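This briefing covers a pocket and its lining, a helix packing, an aromatic pair and some features of the backbone. Please consult the sequence and the structure alongside the text.

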Amino acid sequence: MSNIGQSVGCEILRLLILGSGAIGTVIADTLAKRDAYDEIILADLKKETAAAAKKRIGDPEIVTPIALNADSLDEMKRAMSDVDLAINATLPRYFLKVMQACLESGTSYLDMATDLAVSAGEKPGAKIEKPPIDLQLEQDQAWKDQGLAAMLCWGAEPGAVNVWARHAADQMDSVDKILVRDGDNSIIEGQEGLVSLWSPDTLIEEVAYMNPLVWTNGGFERRPSLEISEEWQFPEPIGKIRVWMVDHEEPETLGRTIGKGCKECNFMIGLGDELVSALKVLKKIGMVTPDPVDVKGVKVVPRDLVTALMPMPTDEDLQTRIHGSACVGVKVFGSKGGKKISHYLWNIMDYQECLKKYGSNALVWQVAMPPSVAAYMFAKGEIGPRGVFPPEMLDPEPVIRRFEEFGMVTFEDRREIG
């Protein structure tokens, strides 16, 4: 039986956040300032890491740091024994195991992505019958049977863009294509070498290791990594920049769930020329793989070596030196009453303004707000469905209103195009 079902009318609601990195820390900070949960358990592999994250956000009494290994099913189940909702802010490779621990513990679940790498062997041009997220979606009945919710892909992209895509599609008779675009014009003062403003491991996996999955002509197909790009006009002050097709979760669900005849869905992100060149070289020499190799009798994961040499996005000095803006958004093309329409929805944040207001870099904050909203709405009984579902399966209007309340403003441009 669901813990949330037992606890909603009682005095105590508990939230477990697995992972006290940049995103998990912002989620803990955001929800600690609201009245949704009585206790927020912030977990990491080492308790000291979680405790340091708690201290960075002002050491709120409501937050309890613990040590927890997301690779240990038994350890997670013990930690979840009296928890109502678990937010998975770990690396994608642990997602299925965390979800299993939640189901076996009677704990509802929320994440911000899926484990794309389970389909790592799929080649460009391959027709795909089962995308990675289906390993989660196909568990739907088991979660319904226990009265639990498993809320998938509640970041910014995927997450907020899924909600916005549903909002736009609801106003159309038919949908032709859904284009998710991420743009960033940030510069980091005095920074040399390879750097990522979100998880370096995830950056390498999505951009260089995996071949992008797209929804095209009513089915899934792989495209080559680091080969397909275009120029995209983002709102000012970003403007027109080059974006690259990378592997991402939105095409795995939106083409099917939005329906209305949607033929195309893909994801592209703005990447600097230097970063693209570096990732192409790393890919060519085998440094993006998660598979260990023998180095003089020692097993070494090439990607781990690369990420160990990169700064972490939680580095406070790094954050103070980031200037520019980050934009997450989706443009839906379709028709209404026989007229062709485009509907663009986005959120844009300035790095320095975000740091001053929220104590976080803009990109991390944008990813952390939607799961914070979902966790808040879930605790308040505003998310009713049980089973396994992505964000676009909910009525988008209450969610968008909560985005606004949490500071994530939705901008829109809807126009006739022919």
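The second largest pocket holds about 670 Å³ of space. The model is predicted: local features need pLDDT of at least 70 and side-chain atom pairs count only at pLDDT 80 or more, while totals for chains, interfaces and linings use all residues. Residues are numbered from 1 along each chain as its sequence is written, and side-chain values use heavy atoms, with hydrogens and water left out.

**Second largest pocket**

- A pocket is an open set of points on a 1 Å grid over the protein atoms alone, where a 1.4 Å probe fits and protein lies on both sides within 12 Å along at least five of seven lines. Its volume is the space filled by probe spheres set on the points, which are joined across faces, edges and corners.
- The lining (residues with an atom within 4 Å of a point) has 26 residues, and Ser186, Ile188, Val195, Gly272 and Leu275 lie nearest the centre of the pocket.
- At least two lining residues come from each of strands S8 (174–184), S9 (187–188), S13 (240–245) and S14 (264–270) and helix H11 (273–284). Helices (H or I, at least four residues) and strands (E, at least two) are DSSP runs, numbered from the N terminus.
- H11 gives the largest share, four residues.
- By class, the lining has 13 nonpolar, seven polar and six charged residues; Ala, Val, Leu, Ile, Met, Phe, Trp, Tyr, Cys and Pro count as nonpolar, Asp, Glu, Lys and Arg as charged, and the others, Gly among them, as polar.

**Packing of H9 and H11**

- Helix H9 (residues 200–209) packs against H11 at an angle of about 80°, with the axes 10 Å apart. H9 is therefore roughly perpendicular to H11 (65 to 115 degrees).
- Leu203, Ile204, Val207 and Ala208 of H9 make the contact with Leu275, Leu279 and Lys283 of H11 (heavy atoms within 4.5 Å).
- Six residues of this contact are nonpolar, none is polar and one is charged.

**Aromatic pair**

- Trp164 and Phe403 form an edge-to-face pair, 6.5 Å centre to centre with 85° between the planes (ring centres within 6.5 Å, planes over 60 degrees apart; the six-membered ring is used for Trp).
- Trp164 lies in helix H8 (residues 160–170) and Phe403 in helix H16 (residues 396–405), so the pair ties together parts that are 239 residues apart in sequence.

**Backbone features**

- Glu157 and Pro158 are joined by a cis peptide bond with omega about 0°, and Pro158 is in the loop between strand S7 (149–151) and H8.
- Cys153, found in the loop between S7 and H8, has a positive phi near 65°.

Conventions:
Axes fitted to C-alpha atoms, helices over the stretch in contact; angles between N-to-C directions. Parallel < 35°, antiparallel > 145°, perpendicular 65-115°, else oblique. Phe/Tyr/Trp six-rings, centres within 6.5 Å; stacked < 30°, edge-to-face > 60°.
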